[in-house]
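Morning, everyone. Let me put the model on the screen, and then I'll walk through it.

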Amino acid sequence: MLIHEHSRPGRKGAPQAPTSKADLSDIPQNLLRKDSAALPEVSELQAVRHYTRLSKKNFSIDTHFYPLGSCTMKYNPRACNSLAMLPGFLSLHPLTPDQHSQGFLACMHELQAMLCEAMGMAAFSLAPMAGAQGEFAGIKMISAYHQANNDDDRREILVPDAAHGTNPATATMCGYSVREIPTLENGDVDFEALQQAVGPHTAGLMLTNPSTLGVFERQIEKIAAIVHDAGGLLYYDGANLNAILGKIRPGDMGFDVIHTNLHKTFSTPHGGGGPGSGAVGVAERLKPFLPLPIVAEGNGSYRCLSEQDAPQSIGRLSAFLGNAGVLLRAYIYMRLLGKSGMERVAEFATLNANYMMAEAKRRGFQLAIPDRRASHEFIITMKREASELHVTAMDFAKRLLDLGYHAPTTYFPLLVPECLLIEPTESEAKEALDGFMDALEQIREEAKTSPELVTTAPHTLPVKRLDEVSAARNLDLRWKAEATA
């Protein structure tokens with residue numbers, strides 16, 4: 001039921017704080033409404049009950065196990081949010097002069113330093129407001145570096161075929177052509193194909209390590225060397241950073257630029273369209289090109305660097321210093337964890353993934369890369385079930401919702417047929433992991449005895465199986481009042 005269906009003319013909730021009539025004198029008459037907005041007329045209690053009921057229909061980290069592969073949907077400590085909402089932070093206007101923002105700027109300066117240490121980078125900018133914007137900044141900096149060296153023939157970016165889809169999209173947006181590098185059956189990048197691809201035309205390589213196949217790239221040092229020897233640079237997609245926190249640093253692998261998803265790795269809920277933070281770190285050679293603003297310290301005070309300080313910067317990506325709430329939560333999370341805590345994050349994320357992978361194998365599910373150790377995630381292929389039982393990975397995913405589990409990522413990476421990409425994260429207890437594997441096993445048995453139960457799932461949710469193509473093409477999210485006679 002929509003909130004408008006509760007509406008009755010004249011019904012309203014009383015304001016609980018003094019209100020003043022808005023001054024509309026400065027707004028041009030042609031921009032003012034002629035009629036009142038078609039808002040629902042409901043009591044406060046009706047509004048509270050309606051939205052509380054809606055919230056109970058959601059899948060979320062607070063209510064369900066959420067093994068969404070390559071996305072790190074993990075628990076976010078409440079302390080981080082509480083401290084980020086301290087009055088001194090909440091009441092700080094983004095246009096406040098630096099001399100009146102010293103506390104916040106000090107936190108941001110320390111966050112930059114901690115990210116540099118954790119990632120093995122020379123400098124960080126907190127400006128990008130999403131992972132995709134961090135990718136854009138990273139490739140723009142690679143482009144600016146080559147332009148500064150008058151190396152204009154480098155017009156190609158190399159991208160493994162297992163990469164996130166944003167990688168080739170970002171490279172194309174930045175004006176590069178994209179060459180795809182194949183992946184071997186064991187999960188490693190095809191080194192021979194990479195050798196043949198690199199050359200004076202190569203601007204860089206975009207890579208995430210561990211990859212979306214859930215394995216660590218074992219030849220990463222050789223890969224870095226061959227790209228660097230050809231004059232190219234290495235970009236690190238930080239989507240899978242949760243697997244290596246405190247264990248190994250992208251800078252030490254040979255990467256020149258990295259974006260980090262502070263909104264999923266460092267204590268802000270990931271998903272729902274934002275807010276986010278794709279903070280970018282760089283090696284020494286790319287420091288001049290970092291996006292602004294950057295927080296600097298001198299003589300015990302902090303200020304934001306401007307274009308006068310960094311004339312080679314690729315510029316600004318937003319009006320201010322990124323999403324302040326996300327950055328503060330990341331700062332607090334890193335301070336709470338410390339280096340040893342970040343190591344434990346990676347250890348337990350990896351332990352949980354390998355435990356589930358071993359359970360999947362024991363229970364007779366087919367692993368995509370059976371001979372490799374998992375990093376933070378692993379892949380089950382439902383190719384056999386689709387062929388023998390005519391039940392697909394998507395059917396498994398939909399039926400999992402009935403059993404109280406959010407589905408893993410389906411059909412990605414595209415290299416694996418009938419793919420379920422499963423990432424348990426470090427947050428989950430063994431009982432939750434076992435429950436999920438029990439659910440998969442139950443669905444497989446249902447597929448054998450009652451296949452229609454699986455192929456028509458979900459059955460217990462407000463929205464049943466949709467025609468996803470029609471839903472995407474004919475999206476209708478606007479409420480209209482019914483015409484009255």
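Start with three rings: Phe65, Tyr405 and Phe436 make up one aromatic cluster. A quick word on the basis. This is a predicted model, with local features requiring pLDDT of at least 70 and side-chain atom pairs counted only at pLDDT 80 or more, while totals for chains, interfaces and linings use all residues. Residues are numbered from 1 along each chain as its sequence is written, and side-chain values use heavy atoms, with hydrogens and water left out.

Now the pairing rule. Rings of Phe, Tyr and Trp (its six-membered ring) pair if their centres lie within 6.5 Å; planes under 30 degrees apart are stacked, over 60 edge-to-face, and the rest tilted. That gives 6 aromatic pairs. One of them is Tyr236 with Phe255, edge-to-face, at 4.8 Å centre to centre and 85° between the planes. Where do the two partners of this pair sit? Tyr236 is in strand E5 (residues 233-238), and Phe255 is in the loop between helix H9 (250-253) and strand E6 (257-260), 19 residues apart. Helices (H or I, at least four residues) and strands (E, at least two) are DSSP runs, numbered from the N terminus.

Buried or exposed? Tyr236 is buried, at a relative accessible area of 0%. Phe255 is buried too, at 3%. The cut-offs: buried is under 20% relative accessible area, exposed is over 50%, and partly exposed is in between (1.4 Å probe, protein chains only).

Tyr405 and Phe436 pair edge-to-face, 5.7 Å centre to centre, with 80° between the planes. Tyr405 lies in the loop between helix H13 (393-402) and strand E12 (409-410), and Phe436 in helix H14 (residues 430-449), so this pair ties together parts 31 residues apart in sequence. Both Tyr405 and Phe436 are buried.

Two rings carry a charge over the face. The test: NZ of Lys or CZ of Arg within 6 Å of the ring centre and within 35 degrees of the ring normal. Arg155 sits over Tyr176, 4.6 Å from the ring centre. Arg444 sits over Phe365, at 4.1 Å.

Next, domains. The assignment gives domain 1 (92-343) and domain 2 (345-469); such bounds come from an automatic or database domain assignment. Their centres, taken over C-alpha atoms, are 31 Å apart. The contact takes 28 residues from domain 1 and 19 residues from domain 2, where contact means heavy atoms within 4.5 Å. What area is buried between domain 1 and domain 2? About 1,700 Å², with carbon and sulfur atoms giving 55%. Buried area is the accessible area (1.4 Å probe) that two parts lose on being put together, summed over both.

The two domains share 2 salt bridges. The criterion is a side-chain nitrogen of Lys or Arg within 4 Å of a carboxyl oxygen of Asp or Glu. Elsewhere on my list, Lys247 and Glu347 form a salt bridge at 2.6 Å, N to O.

Ser375 is in the loop between strand E10 (366-367) and strand E11 (378-381). Ser375 is buried, at 7% relative accessibility. Beyond residues up to four places away in sequence, Ser375 touches several others, including Pro210, Phe216, Ala243 and Asn354.

Cys107 is in helix H4 (residues 102-119) and is buried at 12%. Leaving aside neighbours within four places in sequence, Cys107 contacts Phe89, Leu328 and Tyr331. Cys107 and Tyr302 are 195 residues apart in sequence, yet 9.9 Å apart in space, C-alpha to C-alpha.
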